[in-house]
Amino acid sequence: MNKDLYEVLGVDRSADEKKLKSAYRKLAKKYHPDANPGDKEAEQKFKDIGEAYAILSDPEKRKLYDQYGYGAFDGSAGPGAGAGGAAGQGGAYQYYDPGTGSQSFHFSGQDAEDLFRSMFGDIFGGAGGSNSAGGFGGSEGFGGFGGFSGFGGAGAQSGRRRGRTAPRQENLDMTSSLSVSFRDAALGATKRIQLQAASADGKASGQVTTLDVKIPAGINEGQKIRLRGKGLVSTDGRKGDLYIEIHIEPDPQYTRDGLDLYTSAKIPFTTAALGGEAKLPTLYGDVSCKIPAGIQSGSKIRLKDKGIHKEGKAPKHGDEFVEINIAVPRKLSPEARKKLEELAPMI
C-alpha cells in the first residue's frame, strides 16, 4: 500500500524535525491503545504514525522515502527495498501484529528514547523505575529501550500482550550481607571478604576471589555498598555488580540516633557534690570534662562533635550525650562514715 507518510503525520513535505516530533507526540497520545481500549482503528493509526515518524525522523530513511516512496520500505520498489534495506543506525524497537507478523522500525539513538520517555513515562512507570536498564521503568509494552517489548499493535494494551515479546535482559547483579562492629560502622574500616565466582546460570566456578571492602565512616544499618563489576558474569562477558548490605552489631557501651551517640559514665560522689573534672568516654578516646557542683544522677552532658563524623561534600558531625551516674561507695571507713554523718543534716 502506497502510504503518504507526511499525510499520516499531518505535516507538509518541508517539515523539520521539530514539527515532525510535535505532530508525532500529539497523535501518539491521541491514538495510544491505552487511551482507546479495544478500538482497532485507533490501534492501526497508532502503528501508522509510529512507522511514519520512524522513517521521516531519520535523514537517510527520509531521503529514501522522498526518492522512492513507501515502496522503499515494503519491498516493492527502489534499492535496498524492505525494512532491512531501509534500516539505518540507532536502536530498534519491534512490535508484533498477529495479522502481518513482526515488523521493525529503527530510531536514531537517544533522541527517540527521550521522546518516548517524555511521552509515556507517566503511563508505564516512569523512567528509571524497577527493572529499568536505562530506558523506561518497570513496564512491558515497549521494546528496544531498556529491555521492553511489544510496543505498538495489539501488544501495547496495558501489558495485555497478545503477541511475541523480546526476552528480558538477564540480571547479573548480586546481593550479599556483611556484619560489622558498631565502632567500625561509626569510624570506618576496611574488611576483607572472600567470594566464590559464579556465572549467570548460578553455577560456581570454583574460583575464590578476595576483596577489600571499604566501610565508610557513619554508614547506616541496612545501607548497601556497591562493588562494580563484581557480580555475575554472562556468557558474553558482561559483568554485574555486587551489592553488600551492611548489618551493624550492637555495642555494649553506645547507642546511636542518626549521627548522635548516647552512653553513660560514673563519677565519684564527691565530684558530683563538689564539682570538678572527670574523664568521660568517647569513640575517639577519653576526654576531660568539667562537672558542675551538685549534678544529679541521670543528668546528661553534651560533648559537641564527639558523635558520628560523616564525610562528604558537606561533612556532618554528631554529638555525644553522656548520662551521668553517681558512684556511691559500697564500703566506708569508720572515719569517712563519721564525717558523712556530721554532714548529713546540711546536705
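**Entry 1**

I began with D241, which is buried at a relative accessible area of 10%; buried means under 20% relative accessible area, exposed over 50%, and partly exposed in between, with a 1.4 Å probe and protein chains only. I noted that this is a predicted model, where local features need pLDDT of at least 70, side-chain atom pairs count only at pLDDT 80 or more, and totals for chains, interfaces and linings use all residues. I also noted that residues are numbered from 1 along each chain as its sequence is written, and that side-chain values use heavy atoms, with hydrogens and water left out.

Which residue does D241 form a salt bridge with? I found R226, with the closest N and O atoms 2.6 Å apart. A salt bridge here is a side-chain nitrogen of Lys or Arg within 4 Å of a carboxyl oxygen of Asp or Glu. D241 sits in the loop between β6 (224-227) and β7 (242-248) while R226 sits in strand β6, so this pair ties together parts 15 residues apart in sequence. Helices (H or I, at least four residues) and strands (E, at least two) are DSSP runs, numbered from the N terminus.

How many salt bridges does a search of the whole structure find? I wrote down 11. One of them joins D236 and R238, whose closest N and O atoms are 3.2 Å apart. I looked up both ends: D236 is exposed at 55% relative accessibility, and R238 is partly exposed at 32%.

Another is between the side chains of E341 and R337, at 3.5 Å from N to O. Both residues lie in helix α10, 4 residues apart, which is about one turn of the helix. E341 is partly exposed, with 49% relative accessibility.

**Entry 1: a nonpolar patch**

I stayed with helix α10 (residues 334-343), where L340 is found. L340 is partly exposed at 33% relative accessibility. Together with F269, V328, L332, L343 and M346, L340 makes a nonpolar surface patch of about 550 Å². Patches are made of residues with over 30% relative accessible area and no salt bridge, joining like charges within 9 Å and nonpolar side chains (Val, Leu, Ile, Met, Phe, Trp, Tyr) within 5 Å. The areas come from the Shrake-Rupley method with a 1.4 Å probe, and for residues only the protein chains shown count as cover.

**Entry 2: aromatic pairs**

I then turned to the rings, and the structure holds 4 aromatic pairs. Rings of Phe, Tyr and Trp (its six-membered ring) pair if their centres lie within 6.5 Å; planes under 30 degrees apart count as stacked, over 60 as edge-to-face and the rest as tilted. Y6 and Y65 form a tilted pair, 5.8 Å centre to centre with 55° between the planes. This pair links distant parts of the chain, 59 residues apart: Y6 is in helix α1 (residues 5-9) and Y65 in helix α4 (residues 59-68).

Y262 and F321 make a stacked pair, 5.3 Å centre to centre and 15° between the planes. Y262 lies in strand β9 (residues 260-268) and F321 in strand β15 (residues 320-327), so the pair ties together parts 59 residues apart in sequence. Y262 is partly exposed, at 29%.

**Entry 3: A54**

My last stop was A54, in helix α3 (residues 40-56). A54 is buried, with a relative accessible area of 1%.
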